[in-house]
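Please view the sequence and the structure together before reading on.

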Amino acid sequence: MAGRVWKYGDDINTDVLYPGRYTYQLLNAEDMASHALEDLDESFAKNVKKGDILVGGWNWGIGSAREQAVKSILYAGVQAILAKSFARIYFRNCLNEGLLAIACPAAVDAIEDGETVRIDMAQSHIETCRGVFPFEPYPEYVQGLVEAGGILPFTRKKLEQRAAGEKSL
């Protein structure tokens, strides 16, 4: 996968990824996307394109465990987040929602805002204008979560496979 980069710094918390004032409002996907990163970068929601990639520093997603902080970014069209490190619950929420999240400090240091980067999951590396940077491969199960679009579609698929297998016995 390849995409244009939106690069931000360290300690980006969930309240700026998706402002807390919208947390308890029932918004559809389009409305949630329109508020993504609103308090960090007013231009983001207006200019993000499907397939873009977020790049952040240390502690991406610190703060509350709200899933909207992942969903709004996903609904905005972002296909992956690269960061130096992730808050544990935010990282897990990304996988549960089917949003690729990769920690790779060396790549983050090399990447510049606006450039296009390529993520090769099969080879577990990130290609930038300044080089190729390896990252820890995802286990097969985690790759399955992301490929399926999150934990719910992944679980449905597994249950359907199990049911099909049981019927053939």
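## Helix α7

In helix α7, which covers residues 140-148, the residues Val 142, Gly 144, Leu 145 and Val 146 are buried. Buried here means under 20% relative accessible area, exposed means over 50%, and partly exposed lies in between, with a 1.4 Å probe and protein chains only. Gly 149 follows α7 and has a positive phi, near 95°.

## Basis of the description

This is a predicted model, in which local features need pLDDT of at least 70 and side-chain atom pairs count only at pLDDT 80 or more, while totals for chains, interfaces and linings use all residues. Residues are numbered from 1 along each chain as its sequence is written, and side-chain values use heavy atoms, with hydrogens and water left out.

## Overall form

The protein contains eight helices and seven strands. Helices (H or I, at least four residues) and strands (E, at least two) are DSSP runs, numbered from the N terminus. The C-alpha trace spans about 55 × 40 × 25 Å along its principal axes. The radius of gyration of the protein is 16 Å, which agrees with the value near 15 Å that a compact globule of 169 residues would have. That radius is taken over C-alpha atoms, and the globule rule is 2.2 Å times the number of residues to the power 0.38.

Of the 169 residues, 47% count as buried. Among contacts with a separation of 6 or more, 66% are accounted for by residues 24 or more positions apart; a contact means heavy atoms within 4.5 Å.

## Surface and charge

The accessible surface comes to about 8,800 Å², and 51% of this belongs to carbon and sulfur atoms. Accessible areas come from the Shrake-Rupley method with a 1.4 Å probe, and for residues only the protein chains shown count as cover.

The protein has 18 positive and 23 negative charges, whose mean positions are 5 Å apart. Lys and Arg count as positive and Asp and Glu as negative, whereas His and the chain ends are not counted. The place of a charge is taken as NZ of Lys, CZ of Arg, CG of Asp or CD of Glu.

In soluble globular proteins, nonpolar side chains tend to be buried together. In this protein the largest nonpolar core has 51 residues, and those with the most contacts inside it are Phe 44, Leu 54, Trp 60 and Tyr 90. Strand β3 (residues 80-83) supplies the largest share of this core, four residues. A nonpolar core is a set of buried Ala, Val, Leu, Ile, Met, Phe, Trp, Tyr and Cys residues joined through side-chain atoms within 4.5 Å.

## Helices α4 and α5

In helix α4 (residues 68-75), the buried residues are Gln 68, Ala 69, Val 70, Ser 72 and Ile 73. Their cover includes α1 (14-17), α2 (29-34), β2 (53-56) and α5 (88-97). After α4 comes Gly 77, with a positive phi near 110°.

Helix α5 has Tyr 90, Asn 93, Cys 94, Leu 95, Asn 96 and Glu 97 as its buried residues. Just after α5, Gly 98 takes a positive phi of about 85°.

Most residues other than glycine have a negative phi, and most peptide bonds are trans. Asp 11 has a positive phi, near 55°, although it is a residue other than glycine. Asp 11 lies in the loop between β1 (2-7) and α1, and its relative accessible area of 42% makes it partly exposed.

Leu 37 is not a glycine either, and its phi is positive at about 60°. Leu 37 is placed in the loop between α2 and α3 (44-47). With 0% relative accessibility, Leu 37 counts as buried.

## Selected positions

Ile 62 lies in the loop between β2 and α4 and is partly exposed, with a relative accessible area of 28%. Leaving aside neighbours within four places in sequence, Ile 62 is in contact with Asp 11, Ile 12, Asn 13, Thr 14 and Ala 87.

Ala 110 belongs to helix α6 (residues 105-110) and is buried, with a relative accessible area of 10%. Beyond residues up to four places away in sequence, Ala 110 touches Glu 115, Thr 128, Arg 130 and Phe 133. Gly 20, in the loop between α1 and α2, is partly exposed at a relative accessible area of 34%.
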